[in-house]
Every structure is written in structure tokens, then in C-alpha cells.
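Hi,

Here is the structure I said I would pass on. Have a look first, then read on for my notes.

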Amino acid sequence: MKSKIIPIEKNTFFHDIVKRKMEGWRFSQMCAVTIEDGFELSYTFVKDLEMETLRLLIQKTEPITSITQIYPCAFLQENEAAELFGVIIEGITMDYKHQLYRIDTQTPFAQKGVNE
């Protein structure tokens, strides 16, 4: 399997997602990681024997548009990124409003001060 990571910018994010859908790529996973000033979001797509990961860096208070209008199956991973990391994702089609998990700590994987 051939794999590559493609850094993208927020202003091309939605276009890049729609392009993958139109080209027949399947959504595989979304991963959020906290970094010093915000989040690193990785969206992985698979087609035939190829895998591409779109990597996006956003600030901790910067919202990102949900991809669930294009890939409905992303709702679980987007809810998880929002609830566990504090990523602000707008327009999730099945938004659990931070009630996906039974946890005692709000955004337990966010860096200290991210949601303060």
C-alpha cells in the first residue's frame, strides 16, 4: 500500500475533502492531536491500494467545518475530537454535544489551558 501525508491549509480544507469524495476516496479515520498552539488534525482516505492523509493545523480557538455532510461516518470521530480534545467542529450532523463518553474531566486530552 502506498501512503502519503499531505499538509493542507484551512482555506482549502473543505475543497480538498470534496475533491477526495468526487474521486472515489473512502474516509478511513480522523485523528486529533494537541500541539503547542492548537491542534493537528489528520484525515485519512483510502482508494484502491493508496492511502492519503490530509494534515491540517488549527489554533485552539479556531473552528473547523465538519465533514459529515460529505462523509456521514465521520460523526463519531468528530464528536470524539470535540469532546476529548476540545476541537471546535461546526455542523456535525449527529452532534452528541460532549455526551459521547461518560467522563469526569472536560476535554481530558487537551493541553492545560486550551479550554480556559
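This is a predicted model: local features need pLDDT of at least 70, side-chain atom pairs count only at pLDDT 80 or more; totals for chains, interfaces and linings use all residues.

(Helices are DSSP runs of H or I with at least four residues, strands are E runs of at least two, and both are numbered from the N terminus; axes are lines fitted to C-alpha atoms, for helices over the stretch in contact, with angles from 0 to 180 degrees between N-to-C directions.)

Residues are numbered from 1 along each chain as its sequence is written, and side-chain values use heavy atoms, with hydrogens and water left out.

Going through the pairings:
- Strand 1 (residues 2-8) and strand 4 (residues 50-59) run parallel, joined by seven bridges; Lys4 has Glu52 in strand 4 as its bridge partner.
- Strand 3 and strand 4 are antiparallel over 10 bridges, with Leu57 of strand 4 as the bridge partner of Glu40. Their hairpin has two residues between the strands, and Asp48 takes a positive phi near 55° there.
- Strand 2 and strand 3 are antiparallel over nine bridges, and Thr34 has Phe39 in strand 3 as its bridge partner.

Contact here means heavy atoms within 4.5 Å.

What sits in the largest nonpolar core? It has 26 residues, and those with the most contacts inside it are Leu41, Tyr43, Ile64 and Val87. (Such a core is a set of buried Ala, Val, Leu, Ile, Met, Phe, Trp, Tyr and Cys residues joined through side-chain atoms within 4.5 Å; buried means under 20% relative accessible area, exposed over 50%, partly exposed in between, with a 1.4 Å probe and protein chains only.) Helix 1, strand 2, strand 3, strand 4 and helix 2 each supply at least two residues of this core. Leaving aside neighbours within four places in sequence, Ile64 is in contact with residues including Phe13, Leu41, Tyr43, Leu56, Ile58 and Val87.

Last, the rings. The count comes to five aromatic pairs, taking rings of Phe, Tyr and Trp (its six-membered ring) with centres within 6.5 Å; planes under 30 degrees apart are stacked, over 60 edge-to-face, and the rest tilted. Phe13 and Tyr43 form a tilted pair, 5.2 Å centre to centre with 55° between the planes. This pair links distant parts of the chain, from helix 1 (residues 10-22) to strand 3 (residues 38-47), 30 residues apart. Phe13 is buried at 2% relative accessibility, and Tyr43 is buried at 0%.

Phe85 and Phe109 are also tilted, at 5.5 Å and 45°. Phe85 belongs to helix 2 (residues 75-85) and Phe109 to the segment after strand 6 (89-90), 24 residues apart. Is each of these two buried or partly exposed? Phe85 counts as buried at 15% relative accessibility, whereas Phe109, at 46%, counts as partly exposed. Phe27, Phe45 and Tyr71 form one aromatic cluster.

Cheers

Conventions: Two strands pair if DSSP finds at least two bridges between them.
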